[in-house]
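Please read them alongside the sequence and the coordinates.

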Amino acid sequence: IEPWMLGWYEIKDQHTIDTALRDRVGDDFAREFFRRYRDAYVREADFAHLAALGFNCVRLPVDYRLVMREDYSFRDEADAFDEIDRALHWAETHGLYVILDLHGAPGGQSDQHHTGRAEQNRLWTDAASQRATVELWRALSERYKDRAVIAAYDLLNEPWADYKTDVRPQPARLCDEIVRAIRSTGDRRVVLYAAAFGTEI
């Protein structure tokens, strides 16, 4: 959730919402709230509408928390990938390609709310977060490498740290590791690198 998109300017980030719900009404309610939110926020009608407007591709943002826990272990629930699977099915149904976009990476690739947690920017300094990001992409690739509906993988959304520190070398190294993990599955799909500070990497 990027609160500004919903007009929730007084709410800092998704983590704030999640923490408040868990503290006040418990973990089960919080999980169900987010499931229902996502069910209502992305619907088949959205894909049909995009196709009717003449679009042929949609960028699908993925938060690592969909398939991983906060400790970076993979969720063992049978439905951990269901929301991504469902979106891909809808895209196929309506003749759209998908760019799979890691919008919220383990540890946070910037200190902004689009990562799911503002004021957290550990990806570039924390080895565990980097390993988790590589393993997440390996798992996504293993699951989706044969899905023709996916046009490309967008490895990291806006990987800009605190928007002041020059982190240009880190995305280059990490994205190279991610690509090697993707290629290790036999996946030859196009990958997109975001250039930090507008500089090619």
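1. Overall size. The radius of gyration of the protein is 17 Å, which agrees with the value near 17 Å for a compact globule of 201 residues. That radius is taken over C-alpha atoms, and the globule rule is 2.2 Å times the number of residues to the power 0.38. Along the principal axes, the C-alpha trace spans about 40 × 40 × 35 Å.

2. Basis. This is a predicted model, in which local features need pLDDT of at least 70 and side-chain atom pairs count only at pLDDT 80 or more, while totals for chains, interfaces and linings use all residues. Residues are numbered from 1 along each chain as its sequence is written, and side-chain values use heavy atoms, with hydrogens and water left out.

3. Elements. Six helices and four strands are present, in the order α-α-α-β-α-β-α-β-α-β from the N terminus. Both are DSSP runs numbered from the N terminus: helices are H or I with at least four residues, strands E with at least two.

4. Buried residues make up 42% of the 201; buried means under 20% relative accessible area, with a 1.4 Å probe and protein chains only. Of the contacts (heavy atoms within 4.5 Å) between residues at least 6 apart in sequence, 69% join residues at least 24 apart.

5. One residue. P159 sits in the loop between β3 (150–154) and α6 (169–184). P159 counts as buried because its relative accessibility is 1%. The C-alpha atoms of P159 and L136 are separated by 16 Å, the two residues being 23 apart along the chain.

Note on methods. Buried < 20%, exposed > 50% of the residue type's maximum accessible area, 1.4 Å probe, protein only.
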